[in-house]
Amino acid sequence: MNDITTAVDIDAPPETVWRVLTDFESYPDWNPYTVVSGRAEEGTRLRVSPGPEAGRVPTFRPRVLRADPNRELRWIGHLYVRGLFDGEHRFVVESRDDDRSRLVQSESFSGVFAGPILRRIGADTEANFRGVNEALKARAEALWADRVGSADSNITAGTGESAT
């Protein structure tokens with residue numbers, strides 16, 4: 001089996017990371033690597049297509065295997081038919097101290113053509129994973145900072161003290 005694993009630390013809690021990860025409709029706003037349509041619910045089918053920065057990546061119609069809110073999103077897809085080139089994709093959100101998270105994105109590839117295909121596109125696939133991680137990190141941290149900033153403004157507004 002062939003695996004690709006990437007990770008990024010995010011200055012936002014798991015709930016914020018999960019919200020960004022599973023809000024597929026907002027992907028065009030922040031994710032130039034992946035276009036996803038569907039719902040993050042076990043048993044449903046998604047459509048996962050390349051974004052403008054992804055290069056030549058095929059479109060898959062994976063089935064969601066697990067959607068454990070704030071923890072894990074996992075799906076499995078097949079190129080054409082099962083057994084040729086299959087990929088089980090995982091996003092794991094790990095809680096860290098002080099409203100921080102770690103996002104681990106990985107995929108296990110199998111099938112008759114997994115080795116040859118990954119020799120050809122493995123490095124690009126890993127680069128796309130890293131790109132998605134960094135884009136998701138930026139989005140989640142911005143949303144969290146806005147929320148924390150709004151909360152700080154509301155607290156200081158009630159006391160009459162300046163928020164600066």
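The side chains of Asp-68 and Arg-71 meet in a salt bridge, with N and O 4.0 Å apart. The model in which this pair is found is a predicted one. By the rule applied here, the count of salt bridges comes to 12.

- An open sheet is formed by 5 strands in the order S1-S7-S6-S5-S4, with antiparallel pairing.
- S1 and strand S4 (63-68) stand at the edges with a single partner strand each, so one side of each has no neighbour in the sheet.
- On average, neighbouring strands of this sheet are turned by 10° against each other, direction ignored.
- Strands of a sheet pair through backbone hydrogen bonds, and the pairing can be parallel or antiparallel.
- Strand S1 (residues 2-10) runs antiparallel to S7, and 9 bridges join the two. Within this pairing, Ala-7 has Val-104 in S7 as its bridge partner.
- Strand S6 (residues 86-96) pairs with S7 over 11 bridges, also in the antiparallel sense. Asp-86 stands opposite Ser-110 in S7, and Arg-96 has Arg-100 in S7 as its bridge partner.
- How much of strand S7 is buried? Of the 11 residues in S7 (residues 100-110), 8 are buried, which leaves the strand mostly covered.

- Glu-107 lies in strand S7. Its relative accessibility is 11%, and because buried means under 20%, Glu-107 counts as buried.
- The side chains of Glu-107 and His-89 are joined by a polar contact of 2.6 Å.
- Not counting residues up to four places away in sequence, Glu-107 touches Asn-2, Asp-3, Ile-4, Gly-87, Glu-88, His-89 and Phe-129.
- Glu-107 and Glu-25 are 82 residues apart along the chain, and their C-alpha atoms are separated by 23 Å.
- Glu-72 lies in strand S5 (residues 72-78). With 15% relative accessibility, Glu-72 also counts as buried.
- The side chain of Glu-72 makes a polar contact of 3.2 Å with the side chain of Arg-74.
- Apart from neighbours within four places in sequence, the residues in contact with Glu-72 are Trp-18, Arg-66, Ala-67, Arg-90, Phe-91 and Val-92.

- Most residues other than glycine have a negative phi.
- Asp-98 is not a glycine, yet its phi is positive, at about 55°. Asp-98 sits in the turn of the hairpin formed by S6 and S7, which have 3 residues between them.
- Is Asp-98 buried or exposed? Its relative accessibility is 71%, so Asp-98 counts as exposed.
- Asn-70 is found in the loop between S4 and S5. Its phi is also positive, near 70°.
- Asn-70 has a relative accessible area of 25% and is therefore partly exposed.

**Nonpolar cores**

- In soluble globular proteins, nonpolar side chains tend to be buried together.
- The largest nonpolar core has 24 residues. Those with the most contacts inside this core are Ile-10, Leu-21, Leu-46, Leu-73, Leu-103, Leu-136 and Ala-140.
- At least two residues of this core come from each of S1, helix H1 (14-22), helix H2 (27-30), S4, S5, S6 and helix H3 (114-159).
- A second, separate core has 8 residues, including Ile-4, Phe-85, Phe-109 and Ala-114.

**Salt bridges**

- Which residues are linked in a network of salt bridges? The network links Arg-66, Asp-68, Arg-71, Glu-72, Arg-74, Glu-88 and Arg-90.
- Arg-71, one of these residues, counts as exposed at 54% relative accessibility.
- Glu-126 and Arg-130 form a salt bridge through their side chains, at 2.8 Å from N to O. The two are 4 residues apart in helix H3, which means that about one helical turn separates them.
- Glu-126 is partly exposed, with a relative accessible area of 29%, and Arg-130 is partly exposed at 41%.
- Lys-137 and Glu-141 form another salt bridge, with their closest N and O atoms 2.9 Å apart. This pair, too, is 4 residues apart in helix H3, so about one helical turn lies between Glu-141 and Lys-137.

Conventions
Residues numbered from 1 in each chain as written. Predicted model: local features only at pLDDT ≥ 70, side-chain atom pairs only at ≥ 80, totals over all residues. Heavy atoms only, no water. Buried < 20%, exposed > 50% of the residue type's maximum accessible area, 1.4 Å probe, protein only. Pairing = 2+ DSSP bridges. Contact = heavy atoms within 4.5 Å. Polar contact = N/O pair within 3.5 Å; in protein donor to acceptor, adjacent residues only side chain to side chain. Axes fitted to C-alpha atoms, helices over the stretch in contact; angles between N-to-C directions. Core = buried A, V, L, I, M, F, W, Y, C linked by side-chain atoms within 4.5 Å.
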